[in-house]
Amino acid sequence: MRDAADLWLLLLACGAATYLWRGLGVLLSGRLNPHSAMFEWVSCVAYALVAGLIARIIVAPSGLLAQTALVDRLFACAVAFIAYRIARRNMFVGLVCGVAFFVGAAYVRSLFL
Amino acid sequence: MNPQSGRAFRTGAHEALGVPAAVLGAGFLGYGSLAADAGYSVWLTLAATLAIWALPGQLVLLEMQAGEAAIAATVLAVSLSAARFFPMTLTLLPLMRGGGRGRRLWQFLLAAQLVSMTTWAVAMRRFSDMDIESRWHYFLGFSAVCVGSAAVFALVGQLLIGALPPLARFGLALLTPLYFFVTLVGEAQTRSSITALVCGAATALALHAVAPAWSLLGAGFIGGTAAWLLQRNHARRG
């Protein structure tokens, strides 16, 4: 863990780096075509990065989740998604079912260890 | 604020108070718990929420800090995860510009910080049956509730993680990854988003084994470019 001052600086840098895109959008709006090939690429890169992030957190997490079983995490994702679809795209049903399954699985595991 | 503007602001705030604030809240509840787990203070969690105001970027920051990635790589990855704000503000801003009272550039620059996936999607849908003046106030009202809800839920998540029994903690920590998993997989409708999803996940996992500090940037650049090329080839042939 870095010390607190470094963390704050890093945070501000990340905020500024995120704002860059928002600010550019304001300054260049009306002058760029949002459907151009460049924006398709930008959107693919951002999408793939976030997909990579979630894949990494689920498959190889750090911190608290690292103490849980990979199979449980994968099944919790499947349960959440199936529940979400069955409930006609209701996010809450999906999340509640996924989390309940995950905690339940961790509980069952704790009984046998 | 004249009565009409006040009404538009309240309409926005009111519409945000239901499902949008609650769904966002669930994501930020989990975020607060992950931030606490990573050693963030309450202030740092709040500051990250307000300064970045993009849950994916905030998670990238947490992940890369945990992996002790280089500072430049971290900032670049956080920034890239938010690159979609560029086309988003690009399309949203013209809809709020003009009208009776011309707004100044700095007002738009400030409003841009409030844009998020949720506010953008709702604004693009709702703006069509509003005049320009109302759109501005509606956007501010909607955004204010979203930011407020996110901040409150992040704090609750941060405080809750220490108070819950161990097993429930696991559930709280998985909340945000689950939220994104369901959102990403549920929303992947177009061929390009599905390929970006698969390519990004595959690249991140492959790189994680050899160069964990670079796996997210690699996923973005390699996975994203691969998805983009596949999509273009397909479009040309089809």
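In this predicted model, chain A is divided into domain 1 (1-32) and domain 2 (35-112). The centres of domain 1 and domain 2 of chain A, taken over C-alpha atoms, are separated by 27 Å.

Chain B is helical. It contains 12 helices and 0 strands. Its C-alpha trace spans about 60 × 55 × 30 Å along the principal axes. Of the 238 residues in chain B, 53% are buried. Among contacts in chain B with a separation of 6 or more, 77% come from residues 24 or more positions apart.

The two chains meet through 67 residues of chain A and 81 residues of chain B. On the chain A side, two or more residues are given by each of helix H1 (4-28), helix H2 (37-59), helix H3 (70-86) and helix H4 (91-112). H2(A) supplies the largest share, 21 residues. By class, this side of chain A has 48 nonpolar, 14 polar and 5 charged residues.

The largest nonpolar core has 116 residues. H2(A) gives the most to this core, with 14 residues. The residues with the most contacts inside the core are A:Ala48, A:Leu49, A:Ala51, A:Ile54, A:Ala80 and B:Leu178. Contacts of A:Ala48 beyond its neighbours within four places in sequence are with B:Ala196, B:Cys199, B:Gly200, B:Ala219, B:Gly220, B:Gly223, B:Gly224 and B:Ala227.

How values were computed
Residues are numbered from 1 along each chain as its sequence is written. Chains are lettered from A and ligands numbered from 1 in the order in which they are written. This is a predicted model: local features need pLDDT of at least 70, side-chain atom pairs count only at pLDDT 80 or more; totals for chains, interfaces and linings use all residues. Two residues are in contact if their C-beta atoms, placed from the backbone, lie within 7 Å. Helices (H or I, at least four residues) and strands (E, at least two) are DSSP runs, numbered from the N terminus. Ala, Val, Leu, Ile, Met, Phe, Trp, Tyr, Cys and Pro count as nonpolar, Asp, Glu, Lys and Arg as charged, and the others, Gly among them, as polar. Domain bounds come from an automatic or database domain assignment. A nonpolar core is a set of buried Ala, Val, Leu, Ile, Met, Phe, Trp, Tyr and Cys residues joined through C-beta atoms within 7 Å. A residue is buried if 20 or more other C-beta atoms lie within 10 Å of its own, exposed if 12 or fewer, and partly exposed in between; C-beta atoms are placed from the backbone.
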